[in-house]
Every structure is written in structure tokens, then in C-alpha cells.
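Biologist: I have not looked at this one before. Can you take me through it piece by piece?

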Amino acid sequence: MQGFELEYNTKIFFGTGILKETMQKIAEYLVGNILIVTTGRSLIKYGYLDKLMGCLKHIETVQQVAVYDSISQNPKLEDVVKAIKLGREIDANLVIGFGGGSALDAAKAAAIGIPKKADIQDMEQYLIFGKEPEKSTLPIVAIPTTAGTGSELSKGAILSSEHYHIKSGIRGAYIIPKIAIVDAEFTWTVPEQITMETGFDVLAHAIESYVAQKANLFSEMLSEKAIEIVGRNLRRLKKNLDDHVAREELCYASMIMGLNLVNVGTCLPHRIQYPIGEYTQTTHAAGLVAVFPAWLECEYEVNSRKIETVFKLLDIKLDNGRIVENFRRFQHELGIDYTLKTLGIESSVVEMLTDQITGNLGNDKLYQGKDILFKIIRNSL
């Protein structure tokens with residue numbers, strides 16, 4: 001039997017309508033001054049931010065709370081530095097990330113920079129040059145409001161740099177959140193397109209970690225469960241966005257894939273999406289949707305058994321190996337059948353995008369050089 005190692009440093013609270021109760025349970029962590037990093041707009045509209053502030057107001061050990069609410073769907077290092085400045089002004093000793101993956105990733109980066117009084121050049125050392133976060137990083141509480149990224153459990157923060165025109169990641173054990181509060185109630189108001197896209201991100205995590213070189217017996221079990229959950233419940237939500245049971249199950253799938261992100265990681269689609277997202281200023285999930293059929297077709301050549309299992313779990317027929325056609329039919333069923341051309345990419349920039357792909361490419365058995373990256377992008381147009 002294959003051996004493996006597991007490491008989970010986050011205390012997880014999972015449920016529906018659990019925020020108030022959970023904040024009381026973690027009161028020992030909520031001491032002093034707190035910075036909330038969030039995308040803000042929809043959370044303000046639906047009263048979620050007020051709800052969180054109300055919970056903190058009743059924690060006696062909390063002294064001051066500040067909110068930075070200008071994080072975009074592709075979080076920028078420049079905006080993180082503004083959040084860091086606000087955190088320094090209140091002398092924050094804890095950061096709460098509240099929102100989708102963008103808010104959680106920005107919160108992680110802010111937690112690095114606040115105690116170091118970091119400016120843009122300091123933060124570039126982490127994002128551009130691969131410096132790992134230090135022990136001085138502030139503790140992080142992550143509260144996701146979408147079922148998608150798994151960032152509440154991962155050791156990565158994906159950000160863009162306007163100066164370097166690059167999208168990359170800060171990674172390290174010290175930015176793994178101390179607490180994750182996964183409350184499905186926050187996802188009930190997520191609109192259809194974002195529900196489908198973020199749900200596809202969960203599916204991408206599940207499939208990629210399933211075929212990854214670091215996959216093991218435990219992670220494969222989690223991946224198979226998540227694939228089945230996503231395939232079934234995205235279809236249910238496409239028919240009825242008010243299906244709260246389906247949303248709860250998607251939150252669960254997203255959370256367990258966060259566990260896989262920590263220990264197994266992802267494959268080529270995530271690496272390919274980063275330059276695509278920066279070039280097109282489209283969402284992370286949209287880029288994954290666009291490249292996934294072509295990647296699956298190539299991955300089938302080196303992982304046929306697992307890809308066949310994926311299609312079975314998703315209840316997609318694999319007629320005579322027509323992977324791209326049948327998977328795109330599934331995406332069309334969900335209303336997210338994008339191509340790279342849909343996102344604004346032309347054949348003239350394929351080579352340029354290929355040259356910008358970095359990261360742990362070797363975690364994908366398929367990778368033998370940049371030719372395969374070029375092929376996947378070209379076949380995704």
C-alpha cells in the first residue's frame with residue numbers, strides 16, 4: 001500500500017447558520033484589533049458584513065475592527081498593500097478574510113505584510129521572487145462566502161502584480177488560516193453564473209488533485225467524493241438556485257478539496273490559467289472552464305483509468321473517447337461552455353502566454369516540456 005503524509009493546521013467549523021455560535025467558540029483568538037479584508041459589495045448588500053461586525057461587537061476582548069473592502073475578482077498586490085496600510089494604522093493582530101477566494105487570498109497576503117510594515121517592493125519579494133512567509137505572519141480567520149476556491153484551508157494566496165503584469169502565488173505554511181468557518185448560509189444568495197463558475201473551480205481541484213503525481217489513497221478518496229458531489233449538485237442548482245441542500249453539499253466539497261490543495265496540489269490547468277487570467281482580466285474559474293476539455297483530452301493519454309472514472313462519477317458518457325465534445329456538452333448544460341476565444345484570446349498570443357506559465361508543472365504526469373502547454377492553449381481557442 002502506498003505511503004503518504006498528511007498535515008492540517010486549520011481548525012474547521014462547518015455547517016449552516018453557524019457564524020454567531022462559532023465566533024463565541026473562537027473568542028480566545030479574537031483579541032485586540034482586527035482587520036477584515038473583503039470584496040465588500042454583495043456582502044454589504046445582503047447584510048453579511050453587518051452580521052459579522054455584530055458578532056465581533058459582542059466579543060469582549062475585541063478592541064477595534066477596521067474593514068478593507070476594495071478587493072477585486074483578480075486581487076492585486078497593489079490593493080493588498082493598501083489593506084496592509086490600514087492594518088498598520090490600527091495595529092492589527094489578527095486578519096479575517098471574508099468573501100470569495102479573492103478576499104481570502106488578499107487577507108493572507110495582508111497578514112504577512114502588516115507586522116513587517118511592508119510596502120509594494122517588500123510584497124513583491126513574496127509574489128514575484130518566491131520568498132516564503134515568516135512566522136511573524138498574523139493569524140488568519142477565513143470565512144468563505146462562495147463554494148469554490150478552498151482557500152480557507154490552503155497554503156497559497158494567488159495575486160496579480162500590475163507592475164510585472166503577472167499572476168502568481170505566495171505560498172507557505174504560515175498563511176494557512178488558523179480558523180476556517182464554512183457557513184453555507186453565505187452562499188444562498190450567490191447568483192447563477194458565479195455559482196456555476198466557482199462550483200467548476202471545486203471540480204477542477206478535485207480532478208487535478210485526483211491525477212496529480214502527489215495523489216495518494218486518502219486524497220483520491222476525497223477527490224472521488226467531491227467529483228460526484230459537484231456533478232450532481234451543480235445540475236441541481238442550475239434548475240433551482242434556492243436548493244439549499246445542494247449548496248451545503250457544494251460547500252462541503254469545496255472544503256475537502258481545500259484539504260487536497262494543502263497536501264496534493266493541482267495540475268496544469270491551474271498553472272495555465274494564471275497568465276490567461278492576468279491577460280484577459282477574467283475570473284480564475286472562467287479560465288479553468290476554457291482550458292479543461294483540451295487538458296482532459298491530453299491527460300487521458302497518460303491517466304486513462306482515472307479520467308474514465310472522472311467521467312463515470314460525473315455521469316458523462318465517454319463515447320469512443322470523444323472527451324472534448326462530451327465534456328463541453330456538460331459545461332454547456334451548466335451554461336459555462338467558454339473557450340479561450342470567448343475570453344478574448346487570439347492565436348497570435350498563444351506562444352506568449354505559454355512562455356509565462358510557471359509553478360510546479362511536474363505535479364502533472366502529462367508535463368514533459370512547454371510543447372504540451374502550447375498544445376492545450378491552442379486547442380482551447
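Biologist: Which side chain does Arg232 meet in a salt bridge at 2.9 Å, N to O?

Modeller: That is Glu249. Bear in mind that this is a predicted model.

Biologist: Where do Arg232 and Glu249 lie, and what does the pair tie together?

Modeller: Arg232 lies in helix α8 and Glu249 in helix α9, residues 244-263, so the pair ties together parts that are 17 residues apart in sequence.

Biologist: What about Arg232 and Glu228?

Modeller: Their side chains meet in a salt bridge too, at 2.7 Å from N to O. Both residues lie in helix α8, which covers residues 217-239. They are four residues apart, about one turn of the helix. Glu228 counts as partly exposed, with a relative accessibility of 23%.

Biologist: Why would such side chains pair at all?

Modeller: Side chains of opposite charge can pair when their charged atoms come close.

Biologist: How many salt bridges does the count come to?

Modeller: The count comes to 13. One of the others joins the side chains of Glu325 and Arg322, at 3.8 Å from N to O. The cut-off for a salt bridge is a nitrogen within 4 Å of a carboxyl oxygen, so the 3.8 Å pair counts. Glu325 is partly exposed, with a relative accessible area of 40%, and Arg322 is partly exposed at 39%.

Biologist: Which residues are linked in a network of salt bridges?

Modeller: Lys116, Lys131 and Glu134 are linked that way.

Biologist: New topic, the sheet. What is the order of its strands?

Modeller: The order is β1-β8-β5-β4-β2-β3. It is an open sheet of six strands, and the pairing is parallel. The edge strands are β1 and β3 (62-68), each of which pairs on one side only. On average, neighbouring strands of this sheet are turned by 15° against each other, ignoring direction.

Biologist: What holds strands of a sheet together in general?

Modeller: They pair through backbone hydrogen bonds, either parallel or antiparallel.

Biologist: And how many bridges join β2 to β3?

Modeller: Six, with β2 covering residues 32-38 and the two strands running parallel. Val37, for instance, has Tyr68 in β3 as its bridge partner.

Biologist: Which strands does helix α5 touch?

Modeller: Helix α5, residues 101-116, packs on the sheet and touches β2, β4 (94-99) and β5 (140-144). The direction of α5 makes about 165° with that of β4.

Biologist: Now the surface. Which residues make the nonpolar patch of about 340 Å²?

Modeller: Phe4, Leu6, Tyr8 and Leu217 make that patch. Tyr8 sits in the segment before β1, which spans 11-15. Its relative accessible area is 34%, so Tyr8 is partly exposed.

Biologist: Last one, Val302. Where is its place?

Modeller: Val302 is in the loop between α11 (284-299) and α12 (304-313). It counts as partly exposed, with 29% relative accessibility.

Biologist: What is Val302 in contact with, leaving aside neighbours within four places in sequence?

Modeller: Lys365 and Leu366. Val302 and Leu366 are 64 residues apart along the chain, and their C-alpha atoms are separated by 6.3 Å.

Key
Residues are numbered from 1 along each chain as its sequence is written. This is a predicted model: local features need pLDDT of at least 70, side-chain atom pairs count only at pLDDT 80 or more; totals for chains, interfaces and linings use all residues. Side-chain values use heavy atoms; hydrogens and water are left out. Patches are made of residues with over 30% relative accessible area and no salt bridge: like charges are joined within 9 Å, nonpolar side chains (Val, Leu, Ile, Met, Phe, Trp, Tyr) within 5 Å. Accessible areas come from the Shrake-Rupley method with a 1.4 Å probe; for residues, only the protein chains shown count as cover. Buried means under 20% relative accessible area, exposed over 50%, partly exposed in between (1.4 Å probe, protein chains only). Two strands pair if DSSP finds at least two bridges between them. Axes are lines fitted to C-alpha atoms, for helices over the stretch in contact, and angles run from 0 to 180 degrees between N-to-C directions. Contact means heavy atoms within 4.5 Å.
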